[in-house]
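Today I am opening a new page in my notebook for one protein chain. Here is what I want to look up, entry by entry.

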Amino acid sequence: MAGGNERSMKTLKEVWKRAENSLCADCRKPDPDWASSTLGVFICLSCSGIHRNIPSISKVKSLKMDYWDDAQVQFLAKHGNAVTKAIYEAHIPIYYYQPTYNDCQVLREQWIRAKYERKEFTEPGKQLPYSDGVKEGILWKRGRDNGQFLPRKFLLSEREGCLKYFTKQDAKEPKINVKIDVINATFQPEKIGNPNGLQITYLKDNKTRNIFVYHESGKEVVDWFNAIRSVQFHYLKVAFPIASDNEIKNRLTRNFLKEGYMEKTGPKQREAFKKRWFTLDHRRLMYFKDPLDAFAKGEVFVGSGENGYSVQKGLPSGTQGNFSWHYGITIVTPDREYLFTCETETDQLEWIRAFTSVINQAMTPQEYASKCLDVVFS
């Protein structure tokens, strides 16, 4: 920490060490070592880069390397994360997704801009672009067959409880009409190849269908994301009137537990192992030939340990199928064993950790009804 008088530096260190300032004010990453001299918040290096892009609102400095004068130190001392959050996060809608340091850039940037630049959460009852119960606009959607992204009109309606999209602007009938309670949405910038890429999934005939979209505006695509969460929240409030707000919040959009390539073999366990893209979405393990496939080639239900499900490191002795990757995983179900191989030991351990987290959870009545998925994985 360079420069400054000894008394100010001592005060700065004391403020920095307060428990309220031990996590980044924006993404909750531990041990932030940057701060905004105009907002009075302690932030991490990654969030400081976003703040630097809105210089009219926030001036950021390193707590370790930059000089802090007496006035700036006193400003930090009077504010800090708790005081500033009480102002800028006073009225966040329960359904609004608050990203963490594990989330992608567009989510974190729009969260920071929503708080400090647009001041969306400072007043009660403020009209927000994702709180109307209806949203209509253009998203660039990936074609199922040709892989091209083309503009498509989307319509989200709380009154109808659905999301629709139309192949033409003036089309009267939608290409799809999906009930809001079977929709999930998760940001996938790397998979889609666009920083604002959003993957929308829904259940059709008890099978998962993927739609990949993006918008050139980060704000617009995040508004769509939170609009979906808003409509879902109000739909579920009606469907489950005795559930608490937090219980309903936990049933809104979710990130996948794990994705990546593994090799798999067939039910006879003598076939050659084939490389496939796998997605673990809570109790649904799906595999695809390509990460951007519209439909999974197969799905398997991953139940709980008390119902006969387990995950084991390695493959059963005598496994005959040819495989090029040597870090095996065996999923045991009441009906059969599923065999996979991973390219690295790190991948193997991460997948085992993800499967274990699901298997250790008790099953809900709704999840019991989904057990029929076992038969579609081959």
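**Entry 1: a hairpin**

I began with strand E12 (residues 274-281), which is joined to E13 by 5 bridges, the two running antiparallel. Helices (H or I, at least four residues) and strands (E, at least two) are DSSP runs, numbered from the N terminus, and two strands pair if DSSP finds at least two bridges between them. Before going on, I noted the ground rules: this is a predicted model, where local features need pLDDT of at least 70, side-chain atom pairs count only at pLDDT 80 or more, and totals for chains, interfaces and linings use all residues. Residues are numbered from 1 along each chain as its sequence is written, and side-chain values use heavy atoms, with hydrogens and water left out.

E12 and E13 form a hairpin with 2 residues between them. In that turn I found His-282, with a positive phi of about 55°. Asp-281 has Arg-284 in E13 as its bridge partner.

On to the next pairing: E13 also runs antiparallel to strand E14 (residues 298-301), and 4 bridges join them. Here Arg-284 stands opposite Phe-301.

Which residues of E13 are buried on each side? Arg-284, Met-286 and Phe-288 are buried on one side, and Leu-285 and Tyr-287 on the other. That makes 5 of the 5 residues in E13 (residues 284-288) buried. Buried means under 20% relative accessible area, exposed over 50%, and partly exposed in between (1.4 Å probe, protein chains only). A reminder to myself: side chains in a regular strand alternate between the two faces of the sheet.

**Entry 2: rings**

Next I searched the whole structure for aromatic pairs, and the search gave 18. Rings of Phe, Tyr and Trp (its six-membered ring) pair if their centres lie within 6.5 Å; planes under 30 degrees apart count as stacked, over 60 as edge-to-face and the rest as tilted. I picked Phe-154 and Trp-224: their ring centres are 6.4 Å apart and their planes are at 75°, so this pair is edge-to-face. Phe-154 is in strand E5 (residues 149-157) and Trp-224 in helix H7 (residues 218-239), so the pair ties together parts that are 70 residues apart in sequence. Phe-154 counts as buried at 1% relative accessibility, and Trp-224 is buried at 2%.

I also wrote down one aromatic cluster, formed by Tyr-95, Tyr-96, Trp-111, Phe-121 and Tyr-130.

Then I checked for charges over rings (NZ of Lys or CZ of Arg within 6 Å of the ring centre and within 35 degrees of the ring normal). Lys-61 lies over the face of Trp-68, 4.9 Å from the ring centre. The charged end of Lys-275, back in E12 (residues 274-281), sits over the ring of Tyr-261 at 4.5 Å from its centre.

**Entry 3: cores and domains**

A nonpolar core is a set of buried Ala, Val, Leu, Ile, Met, Phe, Trp, Tyr and Cys residues joined through side-chain atoms within 4.5 Å. The largest one has 55 residues, and those touching the most other members are Ile-43, Leu-156, Ile-183, Phe-187, Leu-198 and Ile-200. H7 gives the largest share of this core, 9 residues. A second, separate core has 22 residues, including Val-300 and Cys-342.

The domain assignment, which is automatic or from a database, also lists domain 3 (258-376). The centres of domain 2 and domain 3 are 27 Å apart, taken over C-alpha atoms. In contact terms (heavy atoms within 4.5 Å), 13 residues of domain 2 meet 15 residues of domain 3.

**Entry 4: two single residues**

I looked up Phe-323 in the loop between strand E15 (310-313) and strand E16 (327-332). Phe-323 is partly exposed, with a relative accessible area of 29%. Phe-273 is 50 residues away from Phe-323 in sequence, yet their C-alpha atoms are 5.1 Å apart.

Arg-52 was my other pick, in helix H2 (residues 45-52). At 43% relative accessibility, Arg-52 is partly exposed. Leaving out residues up to four places away in sequence, Arg-52 touches Trp-34 and Val-60.

**Entry 5: the whole chain**
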